[in-house]
Amino acid sequence: MTGELSEAGADSGSAFHDAWAGLLRAGQGSAVHPGTLSRIVGRSADLLIRARQDQPFDRHLAEQAGAMLVDAHFTDPVVLAHAVELLQEHSVRDGRGPALCGAFAAGWAAALRERTLREQEAIRLAADTARQEVERALRSSEARFRALFESAAIGIGLGDTEGNILAVNRALQEIFGASPEDMRGRRVNDLVHPEDTPGVWETYEELISGKRDYFQFDKPYYRHDGEVVWTHLTVSLIRDDDGVPQYQVAMLEDITDRYRLQERLRHQATHDPLTGLPNRAAFFERLERLFEEPEPGARFGLCYVDLDGFKVVNDSLGHDMGDQLLTAVAGRLDAALTPLGHMVARLGGDEFVVLLENCRGEQEAVAAAKTVLAALAKPVLIGDHKLAVGASVGVLERRIATTTPGAAVRAADLTLYRAKEAGRGRWTLFDPKENARAVSRYAVSVRMPSALDRGEFFIDYQPMVDLAGGSLVAVEALVRWRHPQLGVLGPEEFVGVAEETGLIMPLGRWVLEQACGQAADWVARFGDRAPKLSVNLAVRQARNAGLVGDIDRILRSTGLDPAMLQLEITESTVVGPEDEALKALHALVDMGVSLAVDDFGTGWSNLAYLRDLPVSGLKIAGSFVGDLHDPAKDTHLGWRIVSGLVSLAHTLGLTVTAEGVESRADAERLRLMGCDWAQGWHFGRPVRPGEIARRIAEADLPEPDLAREN
């Protein structure tokens, strides 16, 4: 296969070499010695073929090829235009056409400019020499200067320091399409063009005042017929023997063809080829300019737009239909928002962005978002298909001084996803608090994969107490994350992300290994007084086919008796009697591990499942217990429900644990109801293993926990 590719590359290179030779022969090649022409063709073609094929792309090879042609006197702009067309034609498949053409044209232009500058410098020196010789031999020097002036290939104009044009040569007349009478008597200041480079006229004033001796700019002029000609302008100051400015000499090279080629290449680099809208690079360039030197209090707005259901169009009708839809959407957005002074750009795929410069507040940004939705409200007719297209819009409006370009775009993007989560087909305004939460969530998800390897996780243990005797009967293992930027995070701040990303599997195994090892150590030290270990089991863990094997391996490696391990599952772990997870749970119970339903009462608790699940315990959710003190709720009814849950659980032969117990009064009331175990701040917050060991050692003290007040 590699040989076939090499042969294909060789064939392509041979075809390009032949086409390249024909192009150069059709240019000035007829005036070049055949042997010399052959060397030029071979060396320049080889450079271009290498530039097209090398990995990574080396633009310097293409620039050398362009410079080589100029050195060989191939300076006709027509040759450049044909060369660019040929390079584009032979680079369609590899996608390097614009880059290769741009590098070649840049090398050609730089070499031509360097050659022209050398000629210009020679002319300037000759003109200065001629002026000095005029003072010694007026007639002889005048004749030589006039000959040089008139025969020069570039346009030359002579003016005084007042800005009056005194003389022009034939080349300059041809550039302006004017006669000598049209040019003489005009003032330099009359040749202003709206697209003049910033600072050109300030620099000119410095020159005629004697503060500088020359300057160079690319400058446009209006020809006599109204057309625009682009030139490379060099203006030099001529002084007398005392250094007083006397004349100014302007030399102009017509670079119109080169300028237009560069503009086409720049347009290709900054515009989306499908829709014609500004692309990502152009958008960020414009956005970053806003942040360079903003006025105090300056504001801006962003509308981050994503089409709803675009993937369905691509998948069902094909990418060609999808491209037509994107083009139609771009046209609608451009027509609706560009007249308002807003920039519309395509970032890629079906994502667009609207930039509001000098935004006058949130209302204007929201109005732009509504304009986007209105522009896409009607179906798009493509061929025989009438496609309904909607969009979601994230709206950001801020003072420039309060953010950065990158942060602003990320915030608008996150706001867009809030709009999609809210139901699509709508706009959502940036909320700093929501954005901070999203950024924090992102930071957590990015660092989590390597956090285990870096040893950033640790486990605290929360006491679980027997309400009847007040003794420590179990501990719940609660994983913590010592995040280097965000501080210590509780499981509620990262377990959800871990479940979404699948990282809950390695994290869950690590928690089981560490906690079982610690529980086995307590058993070895304290014997029967060691507490039972309770570990939360995530839904994804419970549904994993390797769960039973993992737990069996962990129990064997740590030496922990299975009877000392209780796994806590949520109500959503098993969705029915046929669920595969149910088989794994039965296998764990057969192994000797006990199961408890965690957070009971927070969801649509299906009491029938309690009968079918192989569980031996039930934990009443801490939020449910906390509601018993909410004055806005019927606390008497709440206590009756808790009592009913305890009775129901006992009827099913389950041990009942109350979570979130924070006062002695609640603990006593739960004890009187028959609740078996309890945990909460009243009995102790989650602590390090050493504190649990101390509690076990002091277990012979009379009721140490129930006597403690919150």
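## Tyrosine 304 and its sheet

Tyrosine 304 stands opposite valine 353 in strand β8. Strands (E, at least two residues) and helices (H or I, at least four residues) are DSSP runs, numbered from the N terminus. The model is predicted: local features need pLDDT of at least 70, side-chain atom pairs count only at pLDDT 80 or more, and totals for chains, interfaces and linings use all residues. Residues are numbered from 1 along each chain as its sequence is written, and side-chain values use heavy atoms, with hydrogens and water left out.

Strand β6 (residues 299-308) and strand β8 (residues 351-357) run antiparallel and are joined by seven bridges; two strands pair if DSSP finds at least two bridges between them. Both belong to an open sheet of five strands with mixed pairing, in the order β7-β8-β6-β11-β12. Strands β7 (343-348) and β12 (427-429) are at the edges with a single partner strand each, so one side of each has no neighbour in the sheet. On average, neighbouring strands of this sheet are turned by 20° against each other, direction ignored.

Helix α14 (residues 362-375) lies across β6, β8, β11 (390-399) and β12, at about 165° to β11. Contact here means heavy atoms within 4.5 Å. Axes are lines fitted to C-alpha atoms, for helices over the stretch in contact, and angles run from 0 to 180 degrees between N-to-C directions.

## The antiparallel sheet

Another open sheet has five strands in the order β2-β1-β5-β4-β3, and its pairing is antiparallel. Its edge strands, β2 (165-168) and β3 (214-222), each pair on one side only. Nine bridges join β3 to β4 (residues 228-239), and glutamine 216 stands opposite threonine 234 in β4.

Helix α9 (residues 200-208) lies across β3, β4 and β5 (245-254), running at about 130° to β3. Helix α10 (residues 256-270) also packs on the sheet, where α10 touches β4 and β5 and makes about 125° with the direction of β4.

## Cysteines

The structure holds zero disulfides, a disulfide being a pair of cysteine sulfur atoms within 2.5 Å. For cysteine 303, the nearest cysteine sulfur is that of cysteine 359, 8.3 Å away. Cysteine 303 counts as buried, at 0% relative accessibility. Buried means under 20% relative accessible area, exposed over 50%, and partly exposed in between (1.4 Å probe, protein chains only).
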